[in-house]
Amino acid sequence: MFSEGDLQAIWLTLKLASVTTILLMLFAPPLAWWLARSQAKIRPLVESLVALPLILPPTVLGFYLLIAFSPNHFLGRWWLSFNEHSLAFSFSGLVIASVVYSLPFVVQPLQSAFVHLDKRYLEVSATLGYGKYERLYKIIFPMLLPSFIIAGALGFAHTIGEFGVVLMIGGNIPGETQVLSIQLFDHVESLQYSEAHQLSFMLLAFSVSWLVLIYGFLQKRQQRILNA
Amino acid sequence: MLRLLVSVIFVGLSCFSVASQATINVAVASNFKVSAQDIADQFSHEYNIDVNISSASTGTLYQQILHGAPFDLFLSADQKHVDLLLQANKVGDNQPFVYAQGRLGFWMPSAETNPSIEDFIAYTGRLAIANPKFAPYGVAAQQALTSVGKWEDLQYIQGSNISQTYQFVESNNVKAGLVAYAALVQKKQQHYLLIPTKWHQPIIQAGVVLGTAQAEQANLFRDYLQSKPIQQLIHSQGYN
């Protein structure tokens, strides 16, 4: 049903979303924890920077990334000192863009979970003699597991739906930067409507089921809490 | 009270859009945007008709027109999309016209002099081009590379239109590209080779009036575009 190019784009998109989600799940939780607990004066600034991709047009991000990736600037120069090609038009470049772009979708659910975490649990666990890391693994993580899952699922879904940034820094290279949304754009622009319909419908079906899964999960959890 | 409020809002909004003179909406392929704006400014001055320019890739504009976008005139970067509108009965009995012929430039900003034809043929690595699946300048780029027998030899960074291709090279993220010669002329760039026209099908940039209520004003702009002084201006900006 799908052409080879479409299948390649589907695989690449899944790969991009997975790598991005894994990276985000590694460093978003400490950041969210800091945002939830810190009284530092720069916290509002950091919080704003994290939320920025929610309101900033992807074109702004794409435009600046393309400049940052170029050999005329520090990041691009540094990258080229041990790589043959620019970060632009590469899978690695897309990962960087996606991490920035999906950051608020992962940080914000975690941050809100951390804010609402009852301090007493931490105090009780401290009286039980749990150390810092034990508290993290034995109390915080199991209690907030649903929030972690939702944060990851939203980050993944948002990366799948990324378009504007990739259009600006991707360069449309099959197997490297030609993700689903770009492939779909190509089909539409080259008037291949039946191919465009197939991909669009698949993305729509995926997005609906993915969201129903997340919200269904949330609802179950809510019922459990209400029944408890 | 609500009704009063609504009418106040509407009257208020309409103050911003008081049309003291006629306005036409022109859809322009992105490669011709800057020239079109210049020409439109002169036209407005002479004819007292405002011209709103909307630019995007030819394919995008075509889709929008097909689905009823309120444009009075379409300036495409090729002939194909104009013909498609003709076939879809979107242009009434208006005839397509040619307003410019595009040229390709092989641009290598890091070169020390203008690259020669031999330099172009010997070029290896990554090359920025417009998407040959749908962008007119991309189609020509593929034909040119094929006719010198190097289409299979390079890796391509594809812009969704020729302006984006230009930006990829301009930002130094890719060493060289096949871009619109007009953009190189207008931006006063250096170190490029004008690609011989015999290497690709001509990039005929056609337009058509779309048969809206403003067709009369749109016709005036069409004639203005084809007038001798304006054709000379277009020529001086890097078109044939």
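A:R43 is partly exposed, its relative accessible area being 24%; here buried means under 20% relative accessible area, exposed over 50%, and partly exposed in between, with a 1.4 Å probe and protein chains only. The structure is a predicted model, in which local features need pLDDT of at least 70 and side-chain atom pairs count only at pLDDT 80 or more, while totals for chains, interfaces and linings use all residues. Residues are numbered from 1 along each chain as its sequence is written, chains are lettered from A and ligands numbered from 1 in the order in which they are written, and side-chain values use heavy atoms, leaving out hydrogens and water.

The side chain of A:R43 meets that of A:E47 in a salt bridge (3.6 Å, N to O), a term for a side-chain nitrogen of Lys or Arg within 4 Å of a carboxyl oxygen of Asp or Glu. A:E47 is also partly exposed, at 26%. Both residues belong to helix α2 (residues 43-55) of chain A and stand 4 residues apart, about one turn of the helix. Helices (H or I, at least four residues) and strands (E, at least two) are DSSP runs, numbered from the N terminus. An α-helix has 3.6 residues a turn, so residues three or four places apart point the same way.

Over all chains, the whole structure holds 5 salt bridges. One of them joins A:R120 to A:D118, with the closest N and O atoms 2.7 Å apart; A:R120 is exposed, with a relative accessible area of 56%, whereas A:D118 is partly exposed at 29%.

Between chain A and chain B the count is 1 salt bridge: the side chains of B:K133 and A:D186 meet at 3.1 Å, N to O. A:D186 is one of the buried residues of α10(A). This helix, residues 180-189, is mostly covered, with 8 of its 10 residues buried. Its buried residues pack against α1 (4-37), α9 (164-169) and α11 (193-227) of chain A, together with α3 (58-66) of chain B.

The contact between the chains, with contact meaning heavy atoms within 4.5 Å, takes 22 residues from chain A and 23 residues from chain B. The two chains bury about 2,000 Å² between them, 50% of it on carbon and sulfur atoms; buried area is the accessible area (1.4 Å probe) that two parts lose on being put together, summed over both. A:F89, A:E189 and A:L191 supply 30% of the area that chain A buries against chain B, more than any other three residues.
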